[in-house]
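I opened my notebook for a friendly look at one chain contact and one side chain. Here is what I looked up.

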4 protein chains.
Amino acid sequence: MTLPSNPLKVGVLGATGTVGQRFILLLSTHPFFQVHALGASARSAGLPYKQAVRWKQVQPIPEAVRDLVVKNCVAEEFADCAIVFSGLDADVAGDIEQAFRAAELAVFSNAKNFRRDPTVPLIVPLVNTSHLSMIPYQRSQLSLQKGFIVTNANCSTTGLVIPLAALEKAFGPIDTCLVTTMQAISGAGYPGVPSFDIFDNIVPHIGGEEEKIEWEAAKILGGISDNGQSFDLREKTPINVSANCNRVPVLEGHTECVSVRFARRPPPTVEEAIQAMRSFTCEAQTAGCPSAPREVIFVHEEVDRPQPRLDRDFQKGAGVNVGRIRPCPVLDLKFVVLSNNVAIGAATSSIINAEYAVLTGVVAS
Amino acid sequence: MTLPSNPLKVGVLGATGTVGQRFILLLSTHPFFQVHALGASARSAGLPYKQAVRWKQVQPIPEAVRDLVVKNCVAEEFADCAIVFSGLDADVAGDIEQAFRAAELAVFSNAKNFRRDPTVPLIVPLVNTSHLSMIPYQRSQLSLQKGFIVTNANCSTTGLVIPLAALEKAFGPIDTCLVTTMQAISGAGYPGVPSFDIFDNIVPHIGGEEEKIEWEAAKILGGISDNGQSFDLREKTPINVSANCNRVPVLEGHTECVSVRFARRPPPTVEEAIQAMRSFTCEAQTAGCPSAPREVIFVHEEVDRPQPRLDRDFQKGAGVNVGRIRPCPVLDLKFVVLSNNVAIGAATSSIINAEYAVLTGVVAS
Amino acid sequence: MTLPSNPLKVGVLGATGTVGQRFILLLSTHPFFQVHALGASARSAGLPYKQAVRWKQVQPIPEAVRDLVVKNCVAEEFADCAIVFSGLDADVAGDIEQAFRAAELAVFSNAKNFRRDPTVPLIVPLVNTSHLSMIPYQRSQLSLQKGFIVTNANCSTTGLVIPLAALEKAFGPIDTCLVTTMQAISGAGYPGVPSFDIFDNIVPHIGGEEEKIEWEAAKILGGISDNGQSFDLREKTPINVSANCNRVPVLEGHTECVSVRFARRPPPTVEEAIQAMRSFTCEAQTAGCPSAPREVIFVHEEVDRPQPRLDRDFQKGAGVNVGRIRPCPVLDLKFVVLSNNVAIGAATSSIINAEYAVLTGVVAS
Amino acid sequence: MTLPSNPLKVGVLGATGTVGQRFILLLSTHPFFQVHALGASARSAGLPYKQAVRWKQVQPIPEAVRDLVVKNCVAEEFADCAIVFSGLDADVAGDIEQAFRAAELAVFSNAKNFRRDPTVPLIVPLVNTSHLSMIPYQRSQLSLQKGFIVTNANCSTTGLVIPLAALEKAFGPIDTCLVTTMQAISGAGYPGVPSFDIFDNIVPHIGGEEEKIEWEAAKILGGISDNGQSFDLREKTPINVSANCNRVPVLEGHTECVSVRFARRPPPTVEEAIQAMRSFTCEAQTAGCPSAPREVIFVHEEVDRPQPRLDRDFQKGAGVNVGRIRPCPVLDLKFVVLSNNVAIGAATSSIINAEYAVLTGVVAS
């Protein structure tokens, strides 16, 4: 697999939003993606990006996009983009992404709208890039030549399934998983959580989040039917997930306490689990995706790590941190995961997915 | 059971510490306990309380104790106290409490030292005041007439076992429990958690806390052997607890996400569980303990409650808050508990225990 | 002055907002005001209050208003109210309050719209209740018998002018004042400040706030012309104020660092200033306003007080806290003020103003 | 001035503390300083650094120092160091730094002990590197050939004097300055501020801090007498500073609200002040100090900047951020400064000072 010889033009939908801003930052230094078009709501369209956006990142707006004029999210305006990244809100993402796909564009979306679609891959790039094999069938169903939609997972699902995938790769199916999340406010976008609601507080509920984790895990960790036309959703080796989701007063980084039970008896030991996580690699690495982390899972030795403030920026947030792997008195093993919800939990996932799709020829050139 | 006709003189050990300050505040308005003696380390002894203490409460130091001269923690100095409350640190509590008991004093301790002692009741006052029946045997083993030690539970255990007790009372044994805590910084005392460690952060480890929850639950929720000489520790109906403990940037109020499985099949429904929690009462209420809450468990209807900042002060923190009772895809039911770690999780528990002991004649008059 | 023999019916405009909720809480236990009518936007009108409001207070919704049906903010609906409190947003307060006044209602407003009006008193109730003497002229200008508008000051102005008034009462005019505020997020209402903007951060700007402090101080601390038809705005003894306003990650309580210079030479000493603040009393106390604090200014002795979390609830936030009174190397004296922005800084001020107006016969009965 | 051809061996005293950790991080990638020896207390001496330290930085411990064995802070152990950086606590810094100087070592200290010494330069490297001219006299007084001590300023002083120096360079003496600081918790070291003291709170007092700002400003902004043997401390053009210091719940970055009056009439306009700050350069830049920022002062245009979370890492915290330059109704101009208290406010200052001393031949080679 070789890198593209010329930069690929890409578009960003929802460019003024939180995820859109992250796309723009990550793409501004990308080795072969080049931001070519920005889409946002009618309110922003026609303005230079620097005027349209309420920029909320620590780094300044990249020079290359400061003066790009924001477009409406209509496919014709993005016709010469090889790839379109979508950071759109769910209330508009469905129609727009569908229209872009119908216009033969390759859409990599962070929105939830198509995650449960039976022909749309739901890909955590460190886990199941193999699901891109569904794309030909997706196109054929819509009589498309080039257009398709790929989604990445919900941010809290992403942090969970990466260590689960490492464990399953080494030890076979996990049949039960109980997870409690402590999710950062940045996961709610902007303006997101009012400070009055979350200062000195925990909100033990995030609308729809538990259902997402419980459902998405099975699609991501499952396979594809032999005829390549459906996801198996772990029908043969069900994975039963129970999630409790909490919003906590942390800026960035989702912490999750996870307990798992394996189908196999006896289950792996703590040492074996540590070893499996440390040695876990993924196809995005093998394929040479430039945004893939060097280590998919960093396993901490200190008894009080990972911690969001200290560990969320490791590898630019492209991998996950795991710690406290130990026996669970109820299930088999338990551990703590920390993932960067705005990096691998959002924009970085879409970008690695797109890199992999380019490097493996799924994006038509 | 009648209230004492005269105020009872009580002492407070560890009076300058966080828990000691709470004892003093609660006792300053108590209907029949009267602070008579304060004990602290040699550094404080001899000073008026207002000088010895670094007062950290929102309410001012009660007038009645401002000028009380702090004593050393030696039993002779507390000879005329009917009851001694201990907020001592674990590194000194063992020897001092033992000496006070040997001097025929009734000690109600918040320290962990004697919680696992086979003749010392570990009492959460809204759950197992019946364990005071062990006191005669404790005295007999030490040839004492009046002296004894009663401890209350760890703050995060307390929040957990109250709803568990309500469920077991209605539906029989719970055999499995998985709990993830999000614990407030005030649980660590003062100076406690450095701000640099917990701002914008989660620390997914609290030394010894998980072991305490996993062990204490069985003692508290268990019974006493027929001969009244040992705790059964749930030997016949074991309760298997797995705990994950986290420190979170919240001042006060421990939030816990709990999943449980019942021995009985089918398990209770959500509605039945709500009803059982709402109707749960305890002997401390029946006996007329003035510090017992009106409602042991307040069950919230809103989907995003309880929350520490909004709910921790309900009933002065003497009850617990429960919300989000719903089916657990892995065990039977799951829910969220919020308890006030500095009230029912600490000083309030000791005080209700002492009230109950007075009202039932366990404290010798 | 005697208390009214029957409860007075009062209305609350903007009843679902942050200030409106505070009005409702304070009025629910008021000795002679009784909530009779609630007004809010068309979206809420027609709903029972408990459904219309997103209640954000630690105390529950008072029973007496839970089921009150919210009305539109039209004066006819409030015709039998002796007094109407307005917690309306500035974008609608102007027209509505004017209409209510025209309908002969007595309006006590927390909104900014009429603060600069040349016939509307801007009253901090611990400072300048005497400005109610403008009401007859206000009415006469509009040919009204009973209707009028009184406003209270901006929350950060309120905290500042109370100690200034105490100093001026004792030592004559202050000619110069430099103040830097650190203002709590609750001052911005709800949803107010997004958590993403203020976590681990300071925002050194609050729109319009500095101008308000700099201007309002002169109106409040000034007198009324001899003919009772204009405010003197300190024309003869100008007070020059420079304000720097900051939003800080604190829930409640505005902290202000203040430096002042007196016209008189030599200026008062630190000890004299402390004495003047401690002995300061106001007409609202003398008149027996039930919501007036026992001590207008509590002067702290500890070098590191006042602090918002520890001191904001003193006297239910109806007084102010001052500390660190010391010489200023640049002006004469400097000190720190803490005021409760949601109590004396907002709803409590309106209520004391109304109490005083009732007790002194300004509100027509 | 040329860069040294070989790396210079440097030592770090107080290597396990907060400032010591910052020295180590900054030096680990330095172009010509090479960490050669680490000193700490007897408790740490003899241990490999990775064991001795409680590492609290987001970046991991640099490989080159992980296994360095920590030494006692005795000069013989650092004999082959060209430079020693001191991050020692004030309670031990005095004796140790004096001993190191006596042993002919060049000491660059962040401690306060020698800041008021009449022969020790107090240098903010973006302001008064010229004060290094005092070194020959310092050495002569102690009959030393190579040894000397240079200190940098208190963190909150540093943020203040940089814009003051820029203004004075352009417009002549400032005679009056009133500053209110909002200082981050990291300024208090580790464990530093207990979370219980600063969550949801402001502490309006930092011991000794106001005095430091008020005194240090004159030494830094002053000159050196003609005979090179004393600092003039602004005797001829006194600068009168009044400081209010507050601890705020922010991790990193000191925000300061500053008002100034110039000696010259009329004072500069806002536009002139902006221009003066933007064009301000310093000798550390001219000399080519590798750690000097590209822009000494970044002047923000947005009305609500600088903000600590967004701006503290600009230029790795080596410059300062200024915003809201506007007229002051009391003095002449006012503005907001943000400086990174752990970078230019501490370790970065010492390092630039040392770089400048090397590049200008003050450090004997």
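Before starting, I noted the cut-off I need: a residue counts as buried when its relative accessible area is under 20%. I also reminded myself that this is a predicted model.

I looked up D:L132 and found a relative accessibility of 5%, so D:L132 counts as buried. I located D:L132 in the loop between strand 5 (106-109) and helix 5 (135-141) of chain D. Which residues does D:L132 touch, leaving out those up to four places away in sequence? I listed D:I123, D:V150, D:Y356, D:A357 and D:V362. I then checked D:Y356: this residue is 224 residues from D:L132 in sequence, and the two C-alpha atoms are 9.2 Å apart in space.

Entry two, chain D against chain C. I read off 47 residues from chain D and 46 residues from chain C in the contact. The area buried between the two chains came to about 3,600 Å², with 55% given by carbon and sulfur atoms.

How many salt bridges cross the interface of chain D and chain C? I got eight by the rule. One I looked up by name joins the side chains of C:R312 and D:D200, at 2.9 Å from N to O.

Strand 8 of chain D gives the most, with seven residues. By type, I sorted this side of chain D into 24 nonpolar, 11 polar and 12 charged residues.

Definitions and conventions
Residues numbered from 1 in each chain as written. Chains lettered and ligands numbered in written order. Predicted model: local features only at pLDDT ≥ 70, side-chain atom pairs only at ≥ 80, totals over all residues. Heavy atoms only, no water. Contact = heavy atoms within 4.5 Å. Buried area = accessible area lost by both parts, 1.4 Å probe. Salt bridge = Lys/Arg side-chain N within 4 Å of Asp/Glu carboxyl O. Helix = DSSP H or I, 4+ residues; strand = E, 2+ residues; numbered from the N terminus. Nonpolar A, V, L, I, M, F, W, Y, C, P; charged D, E, K, R; others polar. Buried < 20%, exposed > 50% of the residue type's maximum accessible area, 1.4 Å probe, protein only.
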